[in-house]
Amino acid sequence: MTRRREGSKISFSSSKAQSRMKKNKAEGYWASFGTDPASKQPITTCAWIDRLAPNAWAVVAVGTCAAYGGIHAMEGNPTGCMGLPEYLGWQWKSKSGIPLVCIPGCPIQPDNFTETLLYLLHMATGRAPMIPLDEALRPTWLFGSTVHEGCDRGGYYEQGQFGEEYGSPLCIVKLGCWGPVVQCNVGKRGWMAGIGGCPNVGGICIGCTMPGFPDKFMPFMNQPPGSLLSSAAVQTYGRAIHSLRRFTQASLNKVPSWRRRGTEESAD
């Protein structure tokens with residue numbers, strides 16, 4: 001889908017997106033905030049965006065629903081929901097030239113939110129360059145790595161050790177975890193004070209920080225199709241590596257002979 005500006009309006013080349021926006025405008029009662037004193041009618045979310053976005057120094061979409069539509073925008077929903085990039089346009093910029101900033105998460109990781117706002121405040125005072133964003137408009141330093149790369153269970157994947165039931169301390173890819181491909185730092189950062197993170201506490205990653213969530217990650221709890229081949233291959237490799245490491249580990253667990261009592265006397 002492409003988009004272009006026409007005066008103060010935004011038009012979409014995708015007829016599906018256009019019809020969804022019309023539905024959103026017409027039936028905006030699905031989400032509203034406050035009441036218009038003149039008409040006595042609820043002020044819809046779309047109306048607030050139309051009023052505020054053109055004058056904003058920066059616009060931040062907080063949470064997956066705001067960023068990409070999330071669960072409310074899944075196929076077949078009756079609301080016509082969409083994320084801010086779909087509504088304003090993926091190339092939209094504020095009056096100060098700042099692209100739309102998306103901080104996804106369902107729910108959003110608190111430190112990701114405050115850290116992004118702090119960065120923008122540094123930008124406002126001239127102490128930081130333009131915020132670096134990826135193609136999905138996420139801050140690159142927060143969403144540049146996958147869940148798998150920061151997961152406590154990553155070593156088990158490498159060794160081909162997979163859990164077969166919930167509660168297992170092993171890698172949970174076979175239980176439906178999408179961690180190897182999902183860009184998210186919660187596994188490494190934790191939820192509060194560095195503690196938690198979905199796979200760290202036994203929960204599978206269902207991809208809530210990705211624009212394709214939830215449609216492209218369902219049915220939940222089924223092994224991701226792309227992991228079938230990779231997990232089968234890594235099991236063969238992993239067993240061999242694990243055996244070699246056990247052999248080395250056995251050697252490393254022994255005190256060196258020169259430290260043993262009486263070694264020097266026998267050497268003389």
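Me: What does R189 count as, going by its relative accessibility?

Reply: Buried means under 20% relative accessible area, exposed over 50%, and partly exposed in between (1.4 Å probe, protein chains only). R189 has 23% relative accessibility, so it counts as partly exposed. This is a predicted model, in which local features need pLDDT of at least 70 and side-chain atom pairs count only at pLDDT 80 or more, while totals for chains, interfaces and linings use all residues. Residues are numbered from 1 along each chain as its sequence is written, and side-chain values use heavy atoms, without hydrogens and water.

Me: Which residue forms a salt bridge with R189?

Reply: Side chains of opposite charge can pair when their charged atoms come close. The cut-off for a salt bridge is a side-chain nitrogen of Lys or Arg within 4 Å of a carboxyl oxygen of Asp or Glu. R189 pairs with E115, and their closest N and O atoms are 2.5 Å apart. R189 sits in helix α8 and E115 in helix α5, so the bridge ties together parts 74 residues apart in sequence. E115 is partly exposed, at 25% relative accessibility.

Me: How many salt bridges does a search of the whole structure find?

Reply: The search finds three. One of them joins the side chains of D36 and R51, at 3.8 Å from N to O. D36 lies in the loop between β3 (32–35) and β4 (42–44) and R51 in helix α2, so this pair links parts 15 residues apart in sequence. R51 is partly exposed at 44%. Another joins D134 and R138, with the closest N and O atoms 2.9 Å apart. D134 counts as buried at 13%, and R138 is buried at 2%.

Me: Which residues of α5 are buried?

Reply: N112, T116, Y119, L120 and M123 are buried in α5. They cover an arc of only 95 degrees around the axis, which puts them on the same side of α5. The arc is taken from the directions from the helix axis to the C-beta atoms. The buried residues of α5 pack against β5 (60–62), β6 (101–103), α6 (140–143) and α8. Contact here means heavy atoms within 4.5 Å.

Me: What is the phi of A193, and of M221?

Reply: A193 has a positive phi of about 55 degrees, although it is not a glycine. A193 is exposed, at 77% relative accessible area. M221, also not a glycine, has a positive phi near 75 degrees. M221 lies in the loop between α8 (186–189) and α9 (225–252). M221 counts as exposed at 57%.

Key: Helices (H or I, at least four residues) and strands (E, at least two) are DSSP runs, numbered from the N terminus.
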